[in-house]
Amino acid sequence: LVKALQKHIREVTTGVTITLETHAYKSQPHDLEEALFRISQEALNNVQKHAQATQVWLILKSDSNELCL
């Protein structure tokens, strides 16, 4: 997931600085990681189309009790 997000960020960045932070992220089941990728992809697309943002932080972290994006 992390590598896929890094690649996506490199490919789509147009005028927006996107910072990906991964805090002790542990791999998840494939279907969950695919869903997280699609959610991230759509969120970044929406930021670029609608938010007029110049900086975005995408933070991915997990522990034994929770997974946060």
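The model is predicted, so local features need pLDDT of at least 70 and side-chain atom pairs count only at pLDDT 80 or more, while totals for chains, interfaces and linings use all residues. Residues are numbered from 1 along each chain as its sequence is written, and side-chain values use heavy atoms, with hydrogens and water left out.

**Helix 1**
- Helix 1 covers residues 2–12, and its buried residues are Leu 5, His 8, Ile 9 and Val 12 (buried means under 20% relative accessible area, exposed over 50%, with a 1.4 Å probe and protein chains only).
- Look down the axis of helix 1 and the buried residues fall within an arc of 100°, so they line one face (the arc is taken from the directions from the helix axis to the C-beta atoms).
- Over on the other side of helix 1, you'll find Lys 3, Arg 10 and Glu 11 exposed.
- The buried residues of helix 1 pack against strand 1 (17–23), helix 2 (30–51) and strand 2 (55–62); contact means heavy atoms within 4.5 Å.
- Helices (H or I, at least four residues) and strands (E, at least two) are DSSP runs, numbered from the N terminus.

- Three strands make an open sheet in the order 1-2-3, with mixed pairing (strands pair if DSSP finds at least two bridges between them).
- Strand 1 and strand 3 (67–68) are the edge strands, each pairing on one side only.
- Strand 2 and strand 3 pair in the antiparallel sense over two bridges.
- Lys 61 stands opposite Cys 68 in strand 3.
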